[in-house]
Amino acid sequence: MPTFDVATTPLATSEAALLVVGVYAPASEERTDPPELAPGAAALAEAAGFDLVAELTGTGFDASPGATLRVPTRGALPSPALLVVGLGTREKVTLDHLRRAGAAAANAAERVPSIATAMQTAIDDADPTDAAQALIEGLHLGSYRFSAYRTDPSPFELASVSLHAEEGDADGLRTTIEVAAITAGAALLARDLVNIPPHDKRPPALADRAVAEVADLPITTRVFDEAALAEGGYGGILGVGQGSSEPPRLVELTYAPEGATRHVALVGKGITFDTGGISLKPSQAMETMKTDMAGAATVLAVIKAAAQLELPVKITALMALAENMPSGTATRVSDVLTMKGGTTVEVINTDAEGRLVLGDALVHASELEPDAIVDVATLTGAAVVALGDKLGVVIASDDELATAITDATVFSGEPHWRLPLAAEQYGERIEGAIADLKNSGGREAGTIFAGLFLHRFVGEGIPWAHLDIAGIAWSNNGGGYLSKGATGSPVRSLVSWLRAS
Ligand code: BES
Ligand code: MN
Ligand code: ZN
């Protein structure tokens with residue numbers, strides 16, 4: 001991650017290798033209209049007597065969000081070049097446009113050691129702290145490369161970013177730099193863990209990594225191995241994990257700051273690879289199934305960020321880790337598992353394994369009597385069919401919680417859309433024929449079915465929200481501040497929710 005500092009000198013005096021300036025698209029459709037310089041760009045052009053608008057005229061640069069153009073300064077400024085970044089039309093610039101502008105700058109500056117900018121002031125009516133956070137996050141997220149498995153990774157050279165600001169804004173900006181490094185760092189941790197190939201993150205190894213990630217923080221850790229899971233009656237986690245040559249794990253992380261007024265439990269699905277088990281997936285459907293631990297990676301990253309930010313909220317994070325493999329020891333189709341707490345489940349489809357590991361973890365979470373439970377899971381292909389890879393699903397038992405979380409996801413550029421729990425309509429579909437419940441009920445409303453199933457394991461009266469991130473955890477195309485592969489969503493949303501509440 002690049003390092004950030006605050007400079008209170010004019011941007012025009014910077015000697016950074018590249019000065020990044022924002023430009024708005026013309027409000028009219030007339031392509032001939034000149035673009036409008038954002039405040040930082042205008043100040044720079046004026047100070048240097050550099051007619052940037054003239055430089056842009058005739059280049060075809062349309063200032064659409066994320067578009068970039070390099071403009072040499074030819075001695076007009078100490079810095080050799082400007083990077084002009086499009087922001088779209090002035091009235092419509094959002095926090096997400098600023099995040100994307102940051103990522104575009106990071107990508108364009110891949111071979112450049114240092115950049116300077118004042119683009120955090122480019123949104124007229126945003127909270128300046130929010131705008132700065134979005135820009136800095138975009139720069140961090142856009143700088144991400146996963147190169148751990150390349151023999152010859154091409155170096156990413158952007159080492160430092162100077163944010164130019166007024167004297168009076170400098171202290172606030174320094175704080176925001178620290179906050180954004182933590183929030184973006186958490187998202188990038190989740191990306192890293194999801195991008196790691198499955199042979200290097202099998203349940204015991206991933207549990208060790210989780211413990212190591214929080215070793216220097218006021219977070220206590222407890223790892224339930226297969227013996228402890230058997231002792232505690234975690235039949236869902238054990239049943240899913242029993243086909244693998246590596247045993248499952250449940251990782252419990254607790255951050256309990258003094259004076260906390262609230263206790264939130266976060267539960268993450270951690271299938272380190274989902275073959276489907278005996279209900280084996282077709283090859284193509286398996287190609288991205290190393291992503292199936294994204295929920296567990298999310299809750300780890302969120303609790304780590306919360307501790308780094310010293311948030312006044314008690315948090316328990318549970319990572320339910322298992323590898324879903326077919327083998328002679330695997331759970332069979334129509335086997336019955338006894339979940340933690342005693343509920344029995346007939347396994348109609350071993351590929352509906354996430355709800356089995358989550359059921360145990362939700363019972364565990366409920367026994368801690370938290371004020372809210374949020375689970376995060378790459379749970380259903382149906383969520384991808386319904387909302388694609390740019391919208392996550394929220395299903396909740398509590399309107400207030402659903403709204404607070406949805407708002408945080410929109411704010412963070414990781415928007416989720418609420419689906420109903422629909423107990424009235426579909427509640428009976430989860431009832432089992434020979435056991436209490438069945439784990440699959442066909443293709444229709446598959447995301448809601450999974451939600452209804454999970455809800456049966458949430459303690460009476462505990463506000464609960466379920467995030468189905470099957471679509472948003474992974475990006476086939478990348479683009480904006482996402483890279484191809486793991487997205488790190490919805491880490492920043494949950495941190496934002498915890499900060500706000
Ligand atoms: N891990 C998958 C869901 C998934 C699909 C995540 C696509 C990311 C992208 C989950 O375990 C699964 O296989 N769900 C089944 C459930 C079905 C058998 C009831 C599904 O959605 O097909
Ligand atoms: Mn599955
Ligand atoms: Zn799965």
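Reader: Is aspartate 274 buried or exposed?

Author: This is a predicted model. Buried means under 20% relative accessible area. Aspartate 274 has 3% relative accessibility, so aspartate 274 counts as buried.

Reader: Which metal ions does aspartate 274 coordinate?

Author: Aspartate 274 coordinates both the zinc ion (ligand 3) and the manganese ion (ligand 2). The two ions are 3.1 Å apart.

Reader: What are the protein donors of the zinc ion?

Author: They are Lys269 (NZ), Asp274 (OD), Asp292 (OD) and Glu353 (OE). They lie 2.0 to 2.4 Å from the zinc ion.

Reader: How do I read the geometry of a metal site?

Author: Start from the ideal angles. For six octahedral donors these are 90 or 180 degrees. The zinc site has 6 donor atoms, with angles of 78 to 174 degrees among them, and is octahedral.

Reader: Where along the chain do the zinc donors sit?

Author: Their spacing is K-x4-D-x17-D-x60-E. Aspartate 274 lies in strand β10 (residues 263-274), while aspartate 292 lies in the loop between α9 (283-286) and α10 (294-308). The pair therefore ties together parts 18 residues apart in sequence. Aspartate 292 counts as buried, at 2% relative accessibility.

Reader: What coordinates the manganese ion?

Author: Asp274 (OD), Asp351 (O), Asp351 (OD) and Glu353 (OE) do, at 2.0 to 2.2 Å. Their spacing along the chain is D-x76-D-x1-E.

Reader: Is the manganese site octahedral or irregular?

Author: The manganese site is irregular, with angles of 70 to 169 degrees among its 6 donor atoms.

Reader: How accessible is aspartate 351?

Author: Aspartate 351 is partly exposed, with a relative accessible area of 21%. Glutamate 353 counts as buried, at 1% relative accessibility.

Conventions. Residues numbered from 1 in each chain as written. Chains lettered and ligands numbered in written order. Predicted model: local features only at pLDDT ≥ 70, side-chain atom pairs only at ≥ 80, totals over all residues. Heavy atoms only, no water. Donors = N, O, S within 2.8 Å, 3.2 Å for Na, K, Ca; no water. Tetrahedral: all angles 85-135°; square planar, octahedral: opposite > 155°, others 65-115°. Helix = DSSP H or I, 4+ residues; strand = E, 2+ residues; numbered from the N terminus. Buried < 20%, exposed > 50% of the residue type's maximum accessible area, 1.4 Å probe, protein only.
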